[in-house]
Structures are given as structure tokens and as C-alpha cells.
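Reader: Could you show me how to read aromatic rings and helices in a protein model? I would like the general idea, then a case.

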Amino acid sequence: MRGKQTEESGFGTQGKAIARLMEVYNQKKATSRSQSKAERVQKYGRMRFEEYVEEWKAGQRHLAASSLRHLDSLLEHHLYPALGSRRMNSFDHKVVDGFIRTMERNGAGVARSSSTRIGSVSSPTTRWMASSRRSTTRLGR
């Protein structure tokens, strides 16, 4: 259930809604980490980074128009050219560190001034790496 957000409605009372919420919470709590990891690897492992980000982005309803434009610019000019065709199961901390070092070496200001934003853009990827490769590097956090 991790990483999957859904909305449910139509509960007759607040108590029924709370009961359903507790049921979902308990299911998630009972699921082992290794099972969750196996499900993520099966679902996303062969997916290319660009496809993964587009799927993630579609679920980001809270982004303002200006934030979305900035995100699209970062993706188009920096992340997709370097990482877009890479499969999700090929990421590890060395790949991300190498990407940041390359951007810094090329003088891309985004590597320093937007490292937090890159971290938030790639946070799904960072979580993926941490769970699938036991990465010690985290971006933007």
C-alpha cells in the first residue's frame, strides 16, 4: 500500500470513516517492509525514470502553476537528459551523486541553488533508492 494514495467517500457517519481509516492503517502496518519493497520493485523496477516521474507528477495536485513550470524546466533541461532513460532499478547513490557532481562541474547553478528542489523532485526516486539499494545519500532532506 505504500506510495499509493486513494480517496474514498460515501461514509454514512464520521465513525464509519474513522473505522475505514484505521483498517487501512492497520493493513499498512501489518505489511512487512520486504513485501512492500518486493511490490515496488515489481511495479517500478523496469520503468524508466521519465515514466516514473510523469506518473508521480500526475498525482501532485497541490503544485501551483509556477511550481509546475519550474519543475518541468528542471526535468526537461537537467534531469531527463541525464537520467530520463535510466530504469528505476538501476539507481543507487552513486548515480545521483555523479549527476550532482556533473552538474556542479558544468557550472549548472541548479546543482547548488536548487539542490533542495532537486531533492523534492527526486524524492520518490530517493526513497526508491534507499529501499532498494540501501543508499546512504539522500537529496534535499
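Predicted model: local features only at pLDDT ≥ 70, side-chain atom pairs only at ≥ 80, totals over all residues.

Reader: How is a pair of aromatic rings described?

Author: You give the distance of the centres and the angle of the planes. Here, a search of the whole structure finds 3 aromatic pairs.

Reader: Which parts of the chain does the pair of Phe49 and Phe91 link?

Author: Distant ones: Phe49 lies in helix H3, while Phe91 is in the loop between helix H4 and helix H5, 42 residues apart. Phe49 is buried too, because its relative accessibility is 1%. Together with Tyr80, Phe49 and Phe91 form one aromatic cluster.

Reader: Which charged end sits over the ring of Phe91?

Author: That of Arg86, 5.9 Å from the ring centre.

Reader: And how do I read a helix?

Author: An α-helix has 3.6 residues a turn, so residues three or four places apart point the same way. Now take H5, whose buried residues include Val96, Phe99, Ile100 and Met103. H5 has 13 residues and reaches 18 Å from its first C-alpha to its last, close to the 18 Å expected.

Reader: What caps the N-terminal end of H5?

Author: Asp92 does, with a side-chain oxygen 3.1 Å from the backbone nitrogen of Lys94. After H5 comes Gly107, with a positive phi near 80 degrees.

Notes:
Residues numbered from 1 in each chain as written. Heavy atoms only, no water. Phe/Tyr/Trp six-rings, centres within 6.5 Å; stacked < 30°, edge-to-face > 60°. Helix = DSSP H or I, 4+ residues; strand = E, 2+ residues; numbered from the N terminus. Buried < 20%, exposed > 50% of the residue type's maximum accessible area, 1.4 Å probe, protein only. Lys NZ or Arg CZ within 6 Å of the ring centre and 35° of its normal. Expected span 1.5 Å × (residues − 1). Polar contact = N/O pair within 3.5 Å; in protein donor to acceptor, adjacent residues only side chain to side chain.
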